[in-house]
Amino acid sequence: MLKCFANTERREYTISENAAMKETSSDDIFDVIIIGAGIMGSCAAYEAAKLGKKVLLLEQFDLLHHLGSSHGESRTIRATYSAPHYPPMVIESSRLWEEAQAESGYRVLTKTTQFDIGPADNRSLQSIITNCSTNSLALKVFDNSPNNFPALFGFR
Ligand SMILES: Cc1cc2nc3c(=O)[nH]c(=O)nc-3n(C[C@H](O)[C@H](O)[C@H](O)COP(=O)(O)OP(=O)(O)OC[C@H]3O[C@@H](n4cnc5c(N)ncnc54)[C@H](O)[C@@H]3O)c2cc1C
């Protein structure tokens with residue numbers, strides 16, 4: 001079960017004045033209360049509710065407002081990180097996006113090729129290559145031959 005309260009007016013309020021608290025009866029006890037219905041709070045609330053938890057999601061603005069970090073027409077998701085703990089999380093998030101799309105019937109994810117570029121001896125780039133291999137991510141390494149990227153080398 002997931003309850004969500006959002007305020008459309010921006011104002012200072014105390015717990016006792018909070019509209020959400022007024023509409024919630026005193027015997028309403030939640031397993032999980034999340035403050036902030038951005039992508040992080042919304043996904044956390046969704047997953048907790050799917051686990052059968054009674055969840056309260058509180059948002060200071062209206063839902064789908066444009067005042068947080070999550071708004072906007074597009075975001076990129078990439079697995080090419082030099083830190084080794086990122087790719088497994090990105091692979092898991094990809095699975096969750098697919099699942100959310102299937103459940104909602106709404107497609108938001110468009111998979112494209114990720115292109116990372118840098119000096120061949122760059123340690124960060126080398127770590128990315130290692131991490132891709134470790135996590136069985138499809139990868140193609142190009143050398144700096146102008147034949148590979150005629151458009152890019154045209155700008156030198
Ligand atoms: C311009 C821009 C581009 C980005 N591009 C990318 C990208 O391409 N790829 C990528 O992976 N990441 C990108 N990011 C980062 C990513 O968007 C953010 O990390 C992510 O959206 C953060 O989500 P969030 O839910 O933590 O925060 P938010 O979306 O900001 O949500 C926080 C919510 O909490 C609410 N809130 C805060 N305080 C309270 C309170 N006291 N009471 C009630 N509600 C409260 C806020 O109103 C807000 O709705 C980008 C960020 C920005 C700003």
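Author: Two residues are in contact if their C-beta atoms, placed from the backbone, lie within 7 Å. In this predicted model, residues 24 or more positions apart account for 52% of the contacts with a separation of 6 or more.

Reader: How many helices and strands does the chain have, and in what order do the elements run?
Author: The chain has five helices and three strands. Starting at the N terminus, their order is β-α-β-α-β-α-α-α.

Reader: What percentage of the residues count as buried?
Author: Of the 156 residues in the chain, 8% count as buried.

Reader: Turning to the ligand, how many residues surround it, and which are the closest?
Author: The ligand is surrounded by 18 residues, and the closest are Gly36, Gly38, Met40, Gly68 and Ser70.

Reader: How do the residues of that shell divide into nonpolar, polar and charged?
Author: Eight are nonpolar, eight are polar and two are charged.

Reader: Now for helix H4. Does its length of 12 residues agree or disagree with the span between its ends?
Author: It agrees: at 1.5 Å a residue, the 12 residues of H4 (residues 123–134) should span 16 Å, and the end C-alpha atoms are 16 Å apart.

Reader: Which residues of H4 are buried?
Author: Ile128, Asn131 and Cys132 are buried in H4. They cover an arc of only 100 degrees around the axis, which means that they sit on the same side of H4. An α-helix has 3.6 residues a turn, so residues three or four places apart point the same way.

Reader: What is on the face turned away from the buried side, and what covers the buried residues?
Author: The face of H4 turned away from its buried side carries the exposed residues Arg123, Thr130, Ser133 and Thr134. The cover over the buried residues of H4 includes helix H3 (86–104).

Reader: What follows H4?
Author: Ser136 follows H4, and its phi is positive, near 55 degrees. Ser136 is not a glycine. Most residues other than glycine have a negative phi. Ser136 is found in the loop between H4 and helix H5 (150–153), and it counts as exposed because it has 9 C-beta neighbours inside 10 Å, where 12 or fewer is the cut-off.

Reader: Where does His85 lie, and is it buried or exposed?
Author: His85 also belongs to the loop between S3 and H3, and it is exposed, having 8 other C-beta atoms within 10 Å. His85 and Asn131 are 46 residues apart along the chain, and their C-alpha atoms are separated by 9.0 Å.

Reader: Lastly, where is Asp28 found?
Author: Asp28 is in the loop between helix H1 (19–23) and strand S2 (32–35). With 11 C-beta neighbours inside 10 Å, Asp28 counts as exposed.

How values were computed
Residues numbered from 1 in each chain as written. Predicted model: local features only at pLDDT ≥ 70, side-chain atom pairs only at ≥ 80, totals over all residues. Near = placed C-beta within 6 Å. Nonpolar A, V, L, I, M, F, W, Y, C, P; charged D, E, K, R; others polar. Helix = DSSP H or I, 4+ residues; strand = E, 2+ residues; numbered from the N terminus. Expected span 1.5 Å × (residues − 1). Buried ≥ 20, exposed ≤ 12 C-beta atoms within 10 Å, placed from the backbone. Arc of directions from axis to C-beta.
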